[in-house]
Number of protein chains: 2
Amino acid sequence: MTSTDTKAALSPTSALADLRVLELGHFVAAPFCTRLLGDLGADVIKVEPLKGDPVREWGAQVGGRSLWWSVHGRNKRSVSIDVRAPGACELVLGLAAKSDVIVENFRPGHMGKLGLGDAALRAQNPDLVIAHVSGFGQDGPYGKKPAFGVIGEAIGGLRYLSDHAPGTCDLPPVRAGISVGDSVAGLYAAFGIMVALWQRSRAGGTTVDVALSEAVLSLMEGMLPEYSRLGIVRQPTGSRIATAAPSSAYPTADGARVIIAANSDILFAKLCDRMGRPELAADPRFHGNRARVENVEALDAEIDRWSLTFDAATLLKALEEANIPSCKIYTAVDCANDIQFRHRNMVREANDTNFGTILHPGIVPHIVESPGSVRWTGPDVGAHTDAVLTELLGMKAERLAELRERRVIA
Amino acid sequence: MTSTDTKAALSPTSALADLRVLELGHFVAAPFCTRLLGDLGADVIKVEPLKGDPVREWGAQVGGRSLWWSVHGRNKRSVSIDVRAPGACELVLGLAAKSDVIVENFRPGHMGKLGLGDAALRAQNPDLVIAHVSGFGQDGPYGKKPAFGVIGEAIGGLRYLSDHAPGTCDLPPVRAGISVGDSVAGLYAAFGIMVALWQRSRAGGTTVDVALSEAVLSLMEGMLPEYSRLGIVRQPTGSRIATAAPSSAYPTADGARVIIAANSDILFAKLCDRMGRPELAADPRFHGNRARVENVEALDAEIDRWSLTFDAATLLKALEEANIPSCKIYTAVDCANDIQFRHRNMVREANDTNFGTILHPGIVPHIVESPGSVRWTGPDVGAHTDAVLTELLGMKAERLAELRERRVIA
């Protein structure tokens with residue numbers, strides 16, 4: 001661990017303080033899942049290759065260490081084991097016997113090849129909750145295909161829609177800008193794990209099988225029923241939303257864009273008043289959400305004409321006074337300095353021994369009575385190997401030395 | 001309910017069959033949360049205004065009914081109560097007394113004005129899990145500001161990044177194409193609820209406070225530590241990903257785009273072999289992820305040149321043979337017909353009395369031993385008012401008639 005002592009920080013009010021989670025994860029999805037569990041107090045043990053999780057190489061670095069890792073690995077104990085080495089399997093099975101949950105995101109079938117298939121794990125621990133995260137799920141014709149978040153996002157239908165309206169831009173659809181397919185799958189896995197724990201007393205060990213592509217597909221609103229019933233192939237709408245209006249990024253006199261979301265009847269009437277155009281709310285083209293969506297080009301042209309008469313700050317002030325949902329488009333600087341995020345401790349300082357004091361995102365969901373904490377930041381590879389193997393498996397120094405000598409652990 | 005009988009369908013293997021959830025939600029976030037709980041078997045009671053949730057007007061309609069609603073409202077019981085009417089508060093408190101969880105997404109403070117603040121709810125039911133979903137959280141300087149998903153997405157930093165690289169496109173950043181801020185917040189709320197239930201036996205009623213903006217911020221990878229330590233303001237990267245390469249949408253001879261995600265050392269070496277350019281893997285510009293990200297323009301130019309020599313189908317076949325993560329960019333048609341989604345029942349037929357047989361997304365997370373079900377599709381407003389008030393509050397026909405006469409229920 002890098003900055004804080006485990007025991008002191010594991011307050012009894014941490015919601016998941018009595019939960020132990022074994023992670024055999026890499027890259028984004030499974031480690032994101034365990035970050036959420038660790039943030040709320042779970043003892044997350046990350047079994048990590050001797051060279052470390054490849055994501056330690058991702059993003060901006062200081063002294064060869066990734067700043068993202070400070071967040072992605074926080075509150076976890078890193079136990080470095082080469083899972084392919086002879087004897088490694090028994091170590092992992094031993095840790096599984098002492099855990100409530102295991103989370104992994106190898107390609108389906110790989111855990112079995114390592115001697116860590118579901119049956120082997122349950123033989124050690126019948127009540128173990130096993131969570132698999134994969135590109136396409138544990139079975140089926142694509143079950144063994146490799147995938148990353150970008151694949152899940154594209155197969156789930158999200159990438160196609162992250163684009164300007166057809167005909168307005170020659171460039172390909174954009175990525176959402178972060179690995180949202182991975183993080184949504186990780187979030188679904190965390191939810192599934194808690195569901196499995198809820199029913200554990202009745203049902204014993206439960207298996208959670210989350211696919212990146214399916215996690216994304218599940219968010220796609222009316223896409224499937226609309227296609228199947230009406231043949232509608234949902235199309236990208238750029239800065240607008242497909243189902244409600246007005247909601248878009250409107251231009252200002254100083255060349256900025258301001259988000260205005262006045263997409264309810266009441267909010268739209270307020271916006272018309274503020275525009276000095278109360279008659280628009282009664283205009284049959286704009287009366288009711290369906291009419292507004294049908295005539296969104298004409299509607300947005302009216303709003304553009306108005307928004308362009310203000311600079312962004314003046315426009316935002318006017319909208320705020322009228323209680324109309326609106327904001328600027330935040331960059332990292334805006335997020336870091338936002339008074340609400342600061343008030344809510346959702347942008348917080350964390351003391352990282354490698355980087356000094358840096359900003360971290362806070363803990364979501366906020367559990368009011370036991371809000372969790374950043375007990376320590378992303379640890380170095382294997383920082384807790386000896387401590388965990390001693391504590392959980394009763395291992396002595398000679399045995400640790402021998403395993404290290406054989407490059408089974410680091 | 002519209003298609004299936006509740007009791008018959010509530011199989012004992014549904015993971016959350018013993019959970020009752022009261023929803024005072026509208027639009028997307030809170031109803032998405034309860035959809036997840038209902039999919040896994042919870043008895044979700046949606047308290048709905050007499051005119052219905054405004055989202056019933058969103059998206060494509062048949063006979064005045066929204067197809068999206070068929071999914072968004074599935075597995076829920078709709079109880080239509082005008083919560084502002086005299087006497088309505090007591091009805092809702094009565095239902096809360098019989099529930100494990102309440103989920104709401106009014107503007108903070110509104111529940112209190114209705115007589116349904118946390119203290120009033122806990123007076124009825126000390127163990128109640130209360131989940132609030134809001135734009136900015138329950139307190140702080142923006143606490144009472146109105147918000148929708150688009151606001152949370154922009155404030156959380158996602159919208160700025162959903163764009164082409166600076167200088168390549170004059171249009172504003174796009175929306176992800178669906179209400180991802182809402183659905184991610186709903187998913188966090190569902191996770192938080194299960195965490196609260198896990199500790200309920202020790203801690204009594206627990207409060208979960210999820211903000212759209214915070215839910216989005218929590219996904220932003222290294223954005224905050226990179227800004228605070230190095231002053232890096234994360235920028236959009238269009239079709240690429242910021243932290244790893246190569247991963248983008250590559251052009252083909254037939255004018256399509258194919259996603260290739262060869263962003264690990266092993267996958268990149270495979271890709272170079274397949275391109276007939278094994279020397280690229282050893283090229284110092286492309287050796288290791290950090291070098292590839294630094295030289296991504298040159299790298300993608302090499303891949304573009306190669307991908308343009310194939311049509312999309314041939315290219316995808318070659319990539320699949322080499323086990324390199326890749327896919328086309330799926331539309332609704334591709335999702336609906338995908339053999340893996342069909343195999344996994346993630347694209348499934350649902351029988352909706354209003355629409356006939358339509359396609360629904362399946363149930364995520366997949367809990368292997370108790371996978372949940374679509375017991376019925378989105379019900380009409382108030383379809384279960386009488387049944388629920390009779391079953392849970394022991395209400396008689398005369399009392400129901402009187403409340404209906406006074407327009408308290410519908």
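Which residue stands opposite A:Ser134 in strand 8 of chain A? The residue is A:Ala211. Residues are numbered from 1 along each chain as its sequence is written, while chains are lettered from A and ligands numbered from 1 in the order in which they are written. The model is predicted: local features need pLDDT of at least 70 and side-chain atom pairs count only at pLDDT 80 or more, whereas totals for chains, interfaces and linings use all residues.

Strand 7 (residues 129-134) and strand 8 (residues 207-211) of chain A run parallel and are joined by five bridges. Strands here are DSSP runs of E with at least two residues, helices are runs of H or I with at least four, and both are numbered from the N terminus; two strands pair if DSSP finds at least two bridges between them.

These strands belong to an open sheet of seven strands with mixed pairing, in the order 5(A)-2(A)-1(A)-6(A)-7(A)-8(A)-14(B). Its edges are strand 5 (76-80) of chain A and strand 14 (366-367) of chain B, each pairing on one side only. Helix 2 (residues 29-39) of chain A packs on the sheet, and its direction makes about 165° with that of strand 1 of chain A. Such axes are lines fitted to C-alpha atoms, for helices over the stretch in contact, with angles from 0 to 180 degrees between N-to-C directions.

Strand 14 (residues 366-367) of chain A, in turn, pairs with strand 8 (residues 207-211) of chain B in the antiparallel sense over two bridges. There, A:His366 stands opposite B:Asp209.

Between the chains, 130 residues of chain A are in contact with 131 residues of chain B, contact meaning C-beta atoms, placed from the backbone, within 7 Å. Helix 9 (residues 180-198) gives the most to chain A's side, with 14 residues.

How values were computed. Two residues are in contact if their C-beta atoms, placed from the backbone, lie within 7 Å.
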